[in-house]
Amino acid sequence: MEINLGSLPFDIDFHPSDHLLSAALITGDLLLYRYTADSTPQRVLEVHAHTESCRAVRFINDGRAIVSGSPDCSILATDVETGSAIARLEDAHEDAINKIISLTNSTIASGDDGGCIKVWDTRQRTCTNSFKVHEEYISDMTFTSDSMKLLGTSGDGTLSVCNLRRNKVQSQSEFSEDELLSVVIMKNGRKVVCGSQTGTLLLYSWGYFKDCSDRFVDLSPNSVDALLKLDEDRIITGSENGLINLVNILPNRIVQPIAEHSEYPVERLAFSHDRKFLGSIAHDPVMKIWDLEDLLQGSENNTGSQAAAAEDSDDSEMDVDVNPPKSTKGSKTKNSSTDNSFFSDL
């Protein structure tokens with residue numbers, strides 16, 4: 001399925017339980033589409049969310065609202081049913097907001113062009129953690145709820161690990177040779193995979209983040225802007241050449257190209273709530289929705305039986321700190337004790 005958005009998209013996100021897909025556009029608009037497997041997706045909502053471009057979008061509050069971030073430094077919460085603004089946090093960051101991810105049902109994280117990462121309580125509309133850890137823009141983030149660690153990648157070429165319980169930067173890697181653009185956690189939490197500007201995948205062992213433990217170069221020289229974890233052994237990558245690949249991690253190899261979005265760089269990838277569909281956007285105005293089962297047809301045979309070879313001997317200790325960076329203190333704001341549900345207007 002293809003949807004002509006009319007303008008360049010920056011981000012997409014699927015509803016957590018319904019057949020809805022949101023898109024953030026360079027015009028500042030926020031679009032919402034309803035899709036089914038056997039019909040053309042229908043636009044059900046269009047909101048001019050920001051005065052500048054809309055770079056990031058995520059469903060929150062069980063899908064009843066959408067948060068979006070912009071270079072105008074604001075974060076907006078929009079009602080999915082009515083399209084009306086629920087709340088707007090002006091000057092949420094000092095620099096342009098580039099990335100937003102959901103951590104829990106009531107918390108999100110946002111990253112800006114200045115390298116700052118903030119965590120927000122969406123029920124109380126307050127910032128609970130702030131980490132000025134990177135020197136360049138935040139390109140991607142991911143979260144592990146078991147240990148309450150927030151991982152971020154940046155244009156400065158480093159990977160950071162922020163401990164939300166202790167409110168500090170626990171670890172930061174040494175500077176790599178190029179920008180880190182995307183990140184996922186693999187192998188039941190033992191490995192972290194980062195996509196880079198040169199197309200090299202950098203693999204870090206958990207707890208040993210100072211330097212990568214392995215590199216996979218077969219996707220070079222095309223940058224890897226998007227990573228999705230399919231399972232503990234395989235990831236889906238979106239590359240600068242427009243290709244979407246299935247890649248096995250440890251042993252590292254390209255299983256097969258599974259789709260070609262266009263000739264333009266793939267910007268974002270996302271799974272539907274039931275993982276039956278894969279959404280993709282690139283540096284063109286077209287959003288595509290792929291049948292994931294069709295894309296993966298035959299990949300099981302290509303993967304083969306390699307579980308034993310994939311076993312890695314690195315220590316899996318979860319809380320090892322390796323040379324934390326010079327600025328390791330996050331600034332934490334006082335939490336309100338009020339236990340109101342997020343945006344009581346809903």
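1. Confidence across the chain. The chain has a mean pLDDT of 89, and 86% of its residues reach 70 or more. Where pLDDT is low, the predicted coordinates should not be read in detail.

2. Salt bridges overall. Side chains of opposite charge can pair when their charged atoms come close. The count in this model comes to 14 salt bridges.

3. Asp11 and Arg58. The side chains of Asp11 and Arg58 form a salt bridge, with an N to O distance of 3.1 Å. This pair joins distant parts of the chain: Asp11 belongs to strand E2 (residues 9-14) and Arg58 to strand E6 (residues 56-60), 47 residues apart. Asp11 and Arg58 are both buried. They also take part in a network of salt bridges that links them with Glu267 and Arg268.

4. Glu46 and Arg43. A salt bridge connects the side chains of Glu46 and Arg43 at 2.9 Å, N to O. Glu46 counts as partly exposed because its relative accessibility is 47%, which lies between the limits of 20% and 50%. Arg43 has a relative accessible area of 38%, so Arg43 is partly exposed as well.

5. Arg123 and Asp121. The side chains of Arg123 and Asp121 meet in a salt bridge of 3.3 Å, N to O. Arg123 is partly exposed, with a relative accessible area of 32%. Asp121, by contrast, has a relative accessible area of 8% and is therefore buried, the cut-off being under 20%.

6. The loop residue Asp95. Asp95 is found in the loop between strand E9 (85-89) and strand E10 (97-104). With a relative accessible area of 33%, Asp95 is partly exposed. Leaving aside residues up to four places away in sequence, Asp95 touches Cys73, Asp112, Asp113 and Gly114. Asp95 and one of these residues, Asp112, are 17 residues apart in sequence, and their C-alpha atoms are 5.7 Å apart in space.

Key. Residues are numbered from 1 along each chain as its sequence is written. This is a predicted model: local features need pLDDT of at least 70, side-chain atom pairs count only at pLDDT 80 or more; totals for chains, interfaces and linings use all residues. Side-chain values use heavy atoms; hydrogens and water are left out. Helices (H or I, at least four residues) and strands (E, at least two) are DSSP runs, numbered from the N terminus. Buried means under 20% relative accessible area, exposed over 50%, partly exposed in between (1.4 Å probe, protein chains only). Contact means heavy atoms within 4.5 Å. A salt bridge is a side-chain nitrogen of Lys or Arg within 4 Å of a carboxyl oxygen of Asp or Glu. pLDDT is the predictor's confidence in each residue, from 0 to 100.
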